[in-house]
Amino acid sequence: MANNHYDAIVVGGGAAGLTAAIFAARADCRVLILEQKDVLCKKLYATGNGKCNFTNQFWSEEYFRSSTQAVAYQRVNRFSLADTLSFFREIGIFPKERNGYYYPASEQAASVAEALIREAGHLGVHTKTQRKVTRITPAKPKGFQVECGEETFFADFVVLATGGMASPVHGSDGSGYILAKQLGHTVVTPLPAIVQLKAEGSCFKTLSGVRLEGSIRLITKNQSFTQAGELLFTAYGISGIPVMQVSRYATESLYQKETVTAELDLFPMLSYQELCEELSSRFQRRKEDTAEEAMCGLCNHKLNYVILKECGIDPTKSCSTFSPKVAKTVASKLKKFSLRITDSNGFANAQACAGGILLTELTEYGESKKLPGLFFVGELCDVDGTCGGYNLQWAWSSGALCGTEIGGRYASNITAKAKPKS
Ligand SMILES: Cc1cc2nc3c(=O)[nH]c(=O)nc-3n(C[C@H](O)[C@H](O)[C@H](O)COP(=O)(O)OP(=O)(O)OC[C@H]3O[C@@H](n4cnc5c(N)ncnc54)[C@H](O)[C@@H]3O)c2cc1C
């Protein structure tokens, strides 16, 4: 075999590409990974705050979002949680589970990246870094021609594993969509997912840095989505896991030019009625206290100040002047702090990308129905998981299914060639 000819070429050496390469190479395929960055798995090192939340005990369709969600869930299930854990045990990653979230016992994302890279190396997978693939064309009589700069490679199978557009500093710059479109595939508009949200209002400069247990109800034209957990105010809007979880619905609606609102419950410990009573007693306790002093110890002092301002109440005003209505007004504001969402914090700060290659144009193994031999895996596809290890799970599942299919097809080609002609 010429040294630029391989059985399979994987474009993109991230989580999904490495997995596809490993499974194909386990069936003795000669595999080449072409990666535009100087190292493999650059994004993987940054996952889970450096600890890599690589999967989750809880699986259901709602965790794998897509314009064809049932299809996505069906496919991810073909390489299950048990398959994932056993694959990682095989390559040396001992799993550690916390509230259903799986991490490597080392608590180091680097160990997951290194285990994958080492396994690929042991299996003889060739790797060429600093190679940006710019063109892929079907070759005659079969296979594909893959171009990067001056170099050209050939293979029977090509796997596009270039990621989406989230966090382009790690290599996923959207070039995979261009290649996919050149090859006749439909790309569902890529939008930031798992991302912070920008909101209208002047309160954020004051609130920036305030964290609290609360909940968000994101309201779009036709739907609403609620998530609870730690909210974080930033200088431009809101962040925190609950915000990130609903963000893809905000980016989708904003893209459609629809109005998006967020209603925050900033004091979930008490019902509206209980909060009214709490505030009422605080405002009546010491008449000489200012409004701000009366609220001290209830919420973060910056939040107390902003809430009073937003209610049109001077924080320095004495409570002695308050009518019983004031407690109700303040309680309403704390239970339903309404924000107009204007934008997301963009792909640069997103952890995932919604949209991508339409799954219905691909087989259950990620193979193109238009160009057999061409596969799509990982975040490049129209699947975005929620926080909790679901994006990496999609990378492992789609990569393993594709690699296994390539390995099986390679083996049957070899067997067919070896059969004596009758
Ligand atoms: C900060 C951060 C934290 C995250 N934490 C988690 C987490 O804890 N759990 C979880 O499940 N998910 C997490 N994610 C999401 C998860 O990392 C991704 O969904 C996953 O890495 C996608 O894998 P992939 O292989 O499809 O794409 P990528 O990891 O993006 O890899 C694609 C690769 O293709 C290369 N490439 C692109 N175009 C070309 C080209 N034209 N030629 C050659 N190479 C190319 C890129 O350089 C890159 O190396 C996190 C993401 C970020 C940004």
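Predicted model: local features only at pLDDT ≥ 70, side-chain atom pairs only at ≥ 80, totals over all residues.

**Strands, pairings and surroundings**

Mentor: Strand 6 covers residues 101–104, and its pairing with strand 5 is antiparallel, over 4 bridges. Now widen the view. An open sheet of 3 strands runs in the order 3-6-5, with antiparallel pairing. Its edges are strand 3 (55–56) and strand 5 (95–98). Each of these has a single partner strand, so one side of each is left without a neighbour in the sheet.

Follow it pair by pair. Strand 13 (residues 211–219) and strand 14 (residues 224–233) run antiparallel and are joined by 9 bridges. Look for Ile216, which stands opposite Gln227 in strand 14. The link between strand 13 and strand 14 is a hairpin of 4 residues. Strand 14 also pairs with strand 15 (residues 237–239), antiparallel, over 2 bridges. There, Phe233 faces Ile238 of strand 15 as its opposite residue. A second hairpin, through 3 residues, takes strand 14 into strand 15.

Now go to strand 16 (residues 260–265). It pairs with strand 17 (residues 337–344) in the antiparallel sense, over 5 bridges. Glu263 has Ser338 of strand 17 as its bridge partner.

Look next at two other helices. Helix 10 (residues 301–310) packs with helix 11 (residues 325–335) at an angle of about 115°, and their axes are 10 Å apart. The crossing is right-handed. Helix 10 contributes Ile307, Leu308 and Glu310 to the contact. Helix 11 contributes Val330, Lys333 and Leu334. By class, that contact has 4 nonpolar, no polar and 2 charged residues.

Now place all this in the chain. Domain 1 takes in 5–192 + 350–418, and domain 2 is 196–345. Their centres, taken over C-alpha atoms, are separated by 41 Å. The contact uses 8 residues from domain 1 and 8 residues from domain 2. On the domain 1 side, strand 11 (residues 187–193) gives the most, with 3 residues. That side divides into 4 nonpolar, 2 polar and 2 charged residues.

Finish at the ligand. How many residues surround the ligand? There are 43, and Gly12, Gly14, Gly163, Gly171 and Gly378 are the closest. By class, this shell has 15 nonpolar, 21 polar and 7 charged residues. Helix 1 (15–25), helix 5 (175–182) and helix 12 (390–418) each supply at least two of its residues. Helix 12 provides the largest share, 4 residues.

Notes. Residues numbered from 1 in each chain as written. Domains from an automatic or database assignment. Contact = placed C-beta atoms within 7 Å. Nonpolar A, V, L, I, M, F, W, Y, C, P; charged D, E, K, R; others polar. Near = placed C-beta within 6 Å. Pairing = 2+ DSSP bridges. Axes fitted to C-alpha atoms, helices over the stretch in contact; angles between N-to-C directions. Left-handed = near helix turned anticlockwise from the far one by under 90°.
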